[in-house]
Amino acid sequence: MTRETQTIEVEIVEIDELSPHSISGSIDDEAASGRPRDWRNIRSKIRKFDKRWWPLWAIVGVIAFLLLLAGGLLFGIIILVLRFVRELLRVICR
């Protein structure tokens with residue numbers, strides 16, 4: 001039995017919007033600057049929302065709105081109950 005080595009050919013087209021040639025050169029730039037390359041353009045990446053995620057953000061927004069609405073209603077009910085108890089105690093203590 002002979003063991004044959006298998007070779008796999010892979011072509012890297014693009015990683016994080018960088019070509020394979022610029023990736024090898026950016027390692028030296030990253031070491032020279034002392035900070036990771038990914039943090040340099042963080043503002044532009046934060047401001048961009050991927051269009052594929054809008055359903056998730058819509059669901060999260062609806063859930064957050066419903067939680068705020070429920071919290072507001074609960075707060076209003078507590079205020080009404082406290083006012084009722086205060087008026088009831090005022091009538092009883094007279």
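Student: Hi! What relative accessibility does glutamate 87 have?
Tutor: Glutamate 87 comes in at 36%, so it counts as partly exposed. Buried means under 20% relative accessible area, exposed means over 50%, and partly exposed is in between (1.4 Å probe, protein chains only).

Student: Okay, and what am I looking at?
Tutor: This is a predicted model, where local features need pLDDT of at least 70, side-chain atom pairs count only at pLDDT 80 or more, and totals for chains, interfaces and linings use all residues. Residues are numbered from 1 along each chain as its sequence is written, and side-chain values use heavy atoms, leaving out hydrogens and water.

Student: Back to glutamate 87: which side chain does it meet in a salt bridge?
Tutor: Arginine 90, at 3.2 Å from N to O. A salt bridge here is a side-chain nitrogen of Lys or Arg within 4 Å of a carboxyl oxygen of Asp or Glu. Side chains of opposite charge can pair when their charged atoms come close.

Student: How exposed is arginine 90?
Tutor: Arginine 90 has a relative accessible area of 42%, so it is partly exposed.

Student: Where do glutamate 87 and arginine 90 lie?
Tutor: Both are in helix 3, three residues apart, or about one turn of the helix.

Student: New topic! How many helices and strands are there?
Tutor: Three helices and zero strands. Both are DSSP runs numbered from the N terminus: helices are H or I with at least four residues, strands are E with at least two.

Student: And what share of the protein is buried?
Tutor: Buried residues make up 1% of its 94 residues.
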